[in-house]
Amino acid sequence: MKRRTIVALGLVAVLASAITAATSGATKRATANSITVWLQVDAQSSWPDVVAAASQKFQADHPGTTVNVQYQNWGDHLQKFDAALAGGGGPDVIEMGNTEMTKYMAAGAFASLDKSSFDNAANWLKGLAGSGAFGGKTYGVPYYAGSRVVTYRKDLFSKAGVSKLPKTTGEYIADAKKLLAKNTAKGFSPVYIAGTDWYVAMGFVFDYGGGIATQVSGKWHSLLSSPKSLAGLAAYKAFFNATSRASKTTDETHPNPYDVYAQGQAASILGPSWFTCCTGAKYKASTAQFVMPGHAAGQSMPGFAGGSDLGVPVTSGSKSLASDWIKDFTSTSSEKALQAKGNIPNATNLLGNSVNERAAARSWFVPTAKHWVDVENGNILRNMLRQILTGKLSIKQAAASASDNIESVLNQS
């Protein structure tokens, strides 16, 4: 926790000097008739034509202005960005992973944007839009999303007599019982879920209309003790006990769900859609995916939103031009072009009928609070789930304790 605080304070100091350093060079950059865009290499390798089309549209609307696209790697792009900020420079537009946004927004690294000026802003995916909002302002524009789905073995479902995919969590529990009856090996899970996987558990909370925390008049208030959140936590406990034989106290990387699946110890797993990469060659032909159902028929389980946002660094001397390029790159036509490449577009009204897109229709994101990382590092949610599943505390007691801790951490100065 101490190290994270030092990093955050260091970033604020860097920005202070960066803004001062950028002032003398701002006019030069603004009149240089060019903007610099940092995108990840995914775009270079998979949809360079979409990038080119957006830049051509931008240049048609801004004659004489060029776009310098520079491709970055996920492994070191933040270090490069920090170094650029320290020198008062950097790109005019930058792609950020949505989980990377909060620290930089809290430190004042991005310029605020007019949300209403972007295509489909009223329908942006809820979880992805939340990652680019801070203090009531918009700093990041959703670019494309990732979703969480159920990866399952068709052969085991068929042998267990499950002929139709579940439409509710209740139906999924009933199917799990059939799967368990046909697969009696010790440790076999119809649905493998690590006990303290809070990404899964909070999906149940949001499915019942609950939440983690919200900000009111500048102060954070936990929502975990609300009746709706408690109902979601109770539903998670019931679902876990009925379907998973995983440890009630371990996290989702010890072991990884897809490793359990590849070892033949799970009929299904819940997680990012890319889990199919690692489920084992033995089960490749029998592996498929479906949308995790919610408790009400016709509604998917809200999933933790992954993906990327686009922001305009506060040090940019061409903020208006940078915003205009983002508008072109996230326009309806551009998002549809990204969709054609297999990506999930940034708005619900653009979603198609693929499993991943249907799963993205309902999403959630963590509170964009300056100290949220301290909540994660403190394992507050994991400890709550451990207490609930082991019976050490009642659901109400565990949620109350977690709520007190979350409020204490998030409201630090």
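Let's start with contacts. In the protein chain, 76% of the contacts with a separation of 6 or more are between residues 24 or more positions apart. Keep in mind that this is a predicted model.

Now the overall build. The protein chain has 17 helices and 14 strands. Its radius of gyration is 23 Å, close to the 22 Å from the globule rule for 413 residues, so the chain is as compact as a globular protein of that length. Along the principal axes, the C-alpha atoms fill a box of roughly 70 × 45 × 35 Å. Of the 413 residues, 52% count as buried.

The protein chain exposes about 17400 Å², and carbon and sulfur atoms supply 52% of that. Then charge. There are 39 positive and 27 negative charges, and their mean positions lie 9 Å apart.

Next, the backbone. Most residues other than glycine have a negative phi, and most peptide bonds are trans.

Take Asn120. Its phi is near 60°, a positive value. Asn120 sits in the loop between helix H5 (101–106) and helix H6 (126–131). Is Asn120 buried or exposed? Asn120 counts as buried, because its relative accessibility is 16%, and the cut-off for buried is under 20%.

Now Ser217. Phi is positive here too, near 50°. Ser217 lies in the loop between strand E8 (213–216) and strand E9 (219–222). With 79% relative accessibility, Ser217 counts as exposed.

Last, a peptide bond. From His254 to Pro255 it is cis, with omega near 0°. Pro255 belongs to the loop between helix H10 (227–243) and helix H11 (257–262).

Notes:
Residues numbered from 1 in each chain as written. Predicted model: local features only at pLDDT ≥ 70, side-chain atom pairs only at ≥ 80, totals over all residues. Heavy atoms only, no water. Helix = DSSP H or I, 4+ residues; strand = E, 2+ residues; numbered from the N terminus. Buried < 20%, exposed > 50% of the residue type's maximum accessible area, 1.4 Å probe, protein only. Rg over C-alpha atoms; globule rule 2.2 N^0.38 Å. Contact = heavy atoms within 4.5 Å. Areas by Shrake-Rupley, 256 points an atom, 1.4 Å probe, with all protein chains shown as cover. Lys, Arg positive; Asp, Glu negative; His and termini not counted. Charge placed at Lys NZ, Arg CZ, Asp CG, Glu CD.
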